[in-house]
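Have the viewer open as you read.

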Amino acid sequence: MNIEKSFNFSVRFWLHLVPMVFISVILLSACGSGDEEDTTGNLRFYNLSSNAPAVYLTIDEDLTDEDEDAFEKTYTGVNFKSISASTSISTGNYAYEIAFQNDDSKLRDDLEILLEGNVDIIEASTQLLVLNGNVNAPELLTYDVAIIDDEDDIEDDLFNIQVLNMYESNKGISIYFSKDDETFNEAVFVGQLNYKTLLDNQKFDQDSYIMYLVDVDTNEILFESDTITFAYPSQYILSIRKNTTESSSSYVIDVISNSAVTELIDVNTQSTFKAYNAIKSHDLLPEYEGNLTLHIDNVDYSATVDSFSYGMFSDKLVQENGDYSVSLNTAETNSVIIENHLLTLPENANKTVFFYLQENNVDDDNDGDFDENNDGIVDEVEVSVHSLVLDNKDTQSIFDHEITTLNFIDSDKFLFVKVYFVRNNEMISTTPYAQSISYGLSSSITLLNNTYTVYVVAQDGTSELVLTTFEVVLNEESPPQFMVLENDDSTASGYRVTLAEQ
């Protein structure tokens, strides 16, 4: 075959082929253009039902379709005054279920449904679902929040804010902002809004601000926040809601960002605390007869808590927020037991301070030997009084309840105890509800409504000792509780348990 002819043939062949390839690419592109990626919107769930447990949201593309490709997802439970992360979902109409856990399983089919309905996921918007009201008769509110992309906003240094009023009232409320170095006289009016209303987005300079809530009729300042800094071109929602604590202020503002909820408390809100006396009698405290008085003071204020005895709580004391120095005295002789223990009470705090005694073996020469004469007895002990400060739970679900257990059982034989909460059809070995607690420490557990037999067990060598057992009944009226474990020589077991409302 002639080489030149062969070459010409090849050139002609490829010249004819190139347009065909080009056309094929166009056709393939055209076919793909009808198969574009789905557009998406966002979804968030905000739990504002104060007596609800953790609430689970399920989104289902088609309730009747069992196709594995159909979108279906149950999100992690959201507690009261918390919000879920923002989730991107393809646009369209979806069924939703709002449910809670009423047994040990968190599977969708095992959850108890509170509400169900449909929600539209809209392109470039976040659908904010808000669970509101009493959990026995809740409502779900939906707000369409446009997604604003200001990531490239470098020169303007602005942030975005919307205000949602979830404080139930027959009249509206006004909100103002001032810079943190200004007063209310310089504050800027942001808007007036009624219950369940969401204001349109506004832009403000990135800076530090103080927020004010004002009565629309009297112009009285109802709420003044501490300083909060907005340092990024982000999108925020300020949610005004009822304060559920025992407080002098009725309002709280939740600052909702893309990642978290920050709670703003009225700076003028007072705090409360009470104390528990877990200090047992001891030879090294000869003047202590089981009764204490408590004194707190700082540069501006001082107060005294009336005498409270061993195994008892003091009366509650209402305080201005601040840092305090705490001292304990014997009620009978006013002898000092401890002094200068720090107690910090921020705005809206509700705390309990537990005081307990601890024995320590003395090792004067630091050789690790507490029995220098080898008589089998520790040569010397000393005692110290410690304080343990805990926050009281300020919410109360009607379906599950928090119990905080404190271990003040002092023993040379064991360093910690195990606490088992056993239901009717279970044993210690099968219950999922158990705690291990060292001396002077606490542990919290959340239990569903039921009747529980409680076993307090200690390990002594290879033996397990049942120190005490008792019954706890939890129902819709049960409050969050403290469960205090202590020595008590007057009981048959040698131990006692105190259950008290937080």
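**Rings and their partners**

Lysine 274 sits over the face of phenylalanine 313, 4.9 Å from the ring centre (a charge counts as over a ring if NZ of Lys or CZ of Arg is within 6 Å of the ring centre and within 35 degrees of the ring normal). This is a predicted model, where local features need pLDDT of at least 70 and side-chain atom pairs count only at pLDDT 80 or more, while totals for chains, interfaces and linings use all residues. Residues are numbered from 1 along each chain as its sequence is written, and side-chain values use heavy atoms, leaving out hydrogens and water.

**Aromatic pairs**

- The whole structure holds 24 aromatic pairs (rings of Phe, Tyr and Trp, the last by its six-membered ring, with centres within 6.5 Å; planes under 30 degrees apart are stacked, over 60 edge-to-face and the rest tilted).
- Phenylalanine 100 and phenylalanine 399 form a stacked pair, 4.2 Å centre to centre with 10° between the planes.
- Phenylalanine 100 is buried at 5% relative accessible area, and phenylalanine 399 is buried at 15% (buried is under 20%, exposed over 50%, partly exposed in between, with a 1.4 Å probe and protein chains only).
- Ring pairs also join Tyr276, Phe313, Phe354, Tyr356, Phe408, Tyr439 and Phe482 into a cluster.

**Aspartate 144**

- Aspartate 144 is partly exposed, with 45% relative accessible area.
- Its side chain makes polar contacts with the side chains of serine 125 at 3.1 Å and glutamine 127 at 2.9 Å (N or O atoms within 3.5 Å; within protein, one must be able to donate a hydrogen and the other to accept it, and residues adjacent in sequence count only if both atoms are side-chain atoms).
- Leucine 43 is 101 residues away from aspartate 144 in sequence, with 9.6 Å between their C-alpha atoms.
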